[in-house]
Amino acid sequence: MRSFRRLVVVAATIVALTVLVPSVSAADEPIPVSMVGCVYFAGGTVPVPAGADINIREGWGTKTFGQEVAFLRSVTTDATLDGNPIVGSFGTPSGSKVDGWTVYWEYPTVAPAAGHSIVVRVEWTLRNPVNDGLSGVSPAGSLGMLECTIVGT
């Protein structure tokens with residue numbers, strides 16, 4: 001549970017950089033839906049424009065690039081959309097020595113029709129303990145399950 005709280009603290013910093021109630025951008029970029037933002041800042045439900053391209057994401061922040069690589073080598077992701085397994089992917093870590101590093105697991109999909117919803121669950125499990133350099137060492141094992149209901153508006 002301690003490691004899960006650490007994940008929440010690190011992720012809250014990441015969420016501060018994302019929009020909790022998404023809107024369609026001028027460039028028609030996919031709308032980011034933060035799992036941590038949905039669960040901890042939006043009460044587990046987030047509205048999105050019906051039929052819009054969305055990008056479900058969960059991030060991991062570290063102090064150094066090497067710590068980010070250690071996380072990527074250790075983590076496995078189990079994710080479902082309405083109970084069906086989905087396979088997302090991690091992007092390339094981004095950041096700097098000054099600001100720290102972040103990597104996102106992402107799953108692109110389409111928002112449900114108006115008045116309909118989808119339920120996404122994401123769980124990360126570490127094969128080895130991982131030090132993020134920010135809040136300490138997360139032990140091997142599950143970091144906890146995040147569940148978000150995405151509603152088309």
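Predicted model: local features only at pLDDT ≥ 70, side-chain atom pairs only at ≥ 80, totals over all residues.
**View 1. The surface and overall make-up of the chain.** Of the 153 residues in the chain, 42% count as buried. The secondary structure comes to three helices and twelve strands, and, when contacts between residues at least 6 apart in sequence are considered, 70% join residues at least 24 apart.

**View 2. The largest nonpolar core.** This core has 30 residues, and those with the most contacts inside it are I54, I56, F71, W105, W124 and I150. At least two core residues are supplied by each of the strands β1 (31-34), β2 (45-48), β3 (53-62), β4 (75-81), β8 (100-110), β9 (117-126) and β12 (141-152), and helix α2 (35-41) likewise supplies at least two. The largest share, five residues, comes from β9.

**View 3. The disulfide between C38 and C148.** A disulfide is a covalent bond between the sulfur atoms of two cysteines. The count for this model comes to one disulfide, which joins C38 to C148 with an S to S distance of 2.1 Å. This pair links distant parts of the chain, since C38 lies in helix α2 and C148 lies in strand β12, 110 residues apart.

**View 4. The geometry and surroundings of the disulfide.** Why is the disulfide of C38 and C148 described as right-handed? The torsion about its S-S bond is about 95°, and the disulfide is therefore right-handed. Both cysteines, C38 and C148, are buried.

Note on methods: Residues numbered from 1 in each chain as written. Heavy atoms only, no water. Core = buried A, V, L, I, M, F, W, Y, C linked by side-chain atoms within 4.5 Å. Buried < 20%, exposed > 50% of the residue type's maximum accessible area, 1.4 Å probe, protein only. Helix = DSSP H or I, 4+ residues; strand = E, 2+ residues; numbered from the N terminus. Disulfide = S-S within 2.5 Å. Contact = heavy atoms within 4.5 Å.
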